[in-house]
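Thanks for coming. I have one structure to go through today, and I will keep to a few local features.

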Amino acid sequence: MYPMLALLGLAALLGASQGSTDCYGSVNGIQTSGASCQTAKAEGLSYCGVRASEKIAERDLRAMDQYKTLIKRVGEKLCVEPALIAGIISRESHAGKALKNGWGDNGNGFGLMQVDKNSHRPLGAWNSETHITQGTDILISMIKAIQRKFPRWTKNQQLKGGISAYNAGTRNVQTYDGMDIGTTHNDYANDVAARAQYFKKHGY
């Protein structure tokens with residue numbers, strides 16, 4: 001009766017089933033230098049850079065796969081690449097392996113994505129969809145703040161800035177090239193982006 005409406009409905013359904021995840025840019029579009037030597041050394045590696053990030057992500061892959069369905073569901077719900085969520089989870093908690101009873105960072109960081117209890121009220125169980133949703137919502141708020149702060153940056157540059165801000169706050173992001181100075185081991189966005197690119201290759 002209303003073929004146009006039927007088509008629009010179909011498009012909406014297709015969109016929902018495919019689950020768009022590129023609202024904020026693409027991890028594969030981020031230029032990255034990977035893990036700093038400080039991060040690599042802490043992981044027992046004798047080399048740095050993208051190769052080190054990939055090795056760390058590879059070690060986390062089996063643990064990450066337990067949460068793959070949840071990560072993909074949240075990514076599709078919030079229009080963020082699941083690979084990016086996985087990259088943050090790898091960096092923050094080694095997919096839960098670094099946590100004690102769901103807590104890390106001397107009892108200040110909660111869950112897979114290490115939500116800071118001093119800045120946010122942690123929601124849900126440490127490895128739940130609710131928690132991953134909260135962590136991803138915090139990430140999105142950081143990306144949006146960087147978009148406002150640096151409107152001339154490309155979408156992927158803003159995405160990278162948001163990743164850096166997830167660790168050290170938006171105030172710490174002053175320039176594109178220097179955004180990671182002041183983050184943990186001065187490599188947060190670069191390391192997360194390289195790990196995310198690895199997870200993207202492995203079905204995230």
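Before that, one caveat: what you see is a predicted model.

Let me begin with the helices. Two packed helices are described by the angle between their axes and the distance between the axes. I have two such pairs to show, and helix 4 is in both.

The crossing of helix 4 past helix 6 is right-handed.

Which residues of helix 4 and helix 6 meet? From helix 4 we have Leu 70, Ile 71, Arg 73, Val 74, Lys 77 and Leu 78. On the helix 6 side they meet Glu 129, Ile 132, Thr 133, Thr 136, Asp 137 and Ile 140. Sorted by class, this contact of helix 4 with helix 6 holds six nonpolar, two polar and four charged residues.

The second pair is helix 4 with helix 5. Here the axes come within 8 Å and cross at roughly 125°. Helix 4 contributes Ile 71, Lys 72, Val 74 and Gly 75 to the contact, and helix 5 contributes Pro 82, Ile 85, Ala 86 and Ile 89. By class, the contact of helix 4 with helix 5 has six nonpolar residues, one polar and one charged. Ile 71 and Val 74 of helix 4 are listed in the contact with helix 6 and again in the contact with helix 5.

Now the salt bridges. Side chains of opposite charge can pair when their charged atoms come close.

Lys 55 has a relative accessible area of 27%, so it is partly exposed. Glu 58 is partly exposed too, at 41%.

The next is Asp 187 with Arg 91, with the closest N and O atoms 2.8 Å apart. Asp 187 is in the loop between helix 7 and helix 8, and Arg 91 is in helix 5, so this pair ties together parts that are 96 residues apart in sequence. Are Asp 187 and Arg 91 buried or exposed? Both are buried.

Arg 91 has a further partner in Asp 191, and there the closest N and O atoms are 2.8 Å apart. Asp 191 belongs to helix 8, so its pairing with Arg 91 in helix 5 ties together parts 100 residues apart in sequence. Asp 191 counts as buried because its relative accessibility is 0%, and the cut-off is under 20%. Arg 91 is at 14%, so it counts as buried by that cut-off. Through shared partners, Arg 91, Asp 187, Asp 191 and Arg 195 are joined into one salt-bridge network.

Last, some single residues. Back in helix 3 we find Leu 61, which is buried at 15% relative accessibility. Leaving out residues up to four places away in sequence, Leu 61 touches Tyr 198, Phe 199, His 202 and Tyr 204. As for Thr 32, it is 29 residues from Leu 61 in sequence, and the two C-alpha atoms are 20 Å apart.

Then there is the backbone. Ala 95 is not a glycine, yet its phi is positive, at about 55°. Ala 95 is in the loop between helix 5 and strand 1, and is buried at 3% relative accessibility. Asp 105, also not a glycine, has a positive phi of about 50°. The loop holding Asp 105 runs between strand 1 and strand 2. Asp 105 is at 51% relative accessibility and counts as exposed.

That is what I have. Questions are welcome.

Note on methods: Residues numbered from 1 in each chain as written. Predicted model: local features only at pLDDT ≥ 70, side-chain atom pairs only at ≥ 80, totals over all residues. Heavy atoms only, no water. Left-handed = near helix turned anticlockwise from the far one by under 90°. Helix = DSSP H or I, 4+ residues; strand = E, 2+ residues; numbered from the N terminus. Contact = heavy atoms within 4.5 Å. Nonpolar A, V, L, I, M, F, W, Y, C, P; charged D, E, K, R; others polar. Buried < 20%, exposed > 50% of the residue type's maximum accessible area, 1.4 Å probe, protein only. Salt bridge = Lys/Arg side-chain N within 4 Å of Asp/Glu carboxyl O. Axes fitted to C-alpha atoms, helices over the stretch in contact; angles between N-to-C directions.
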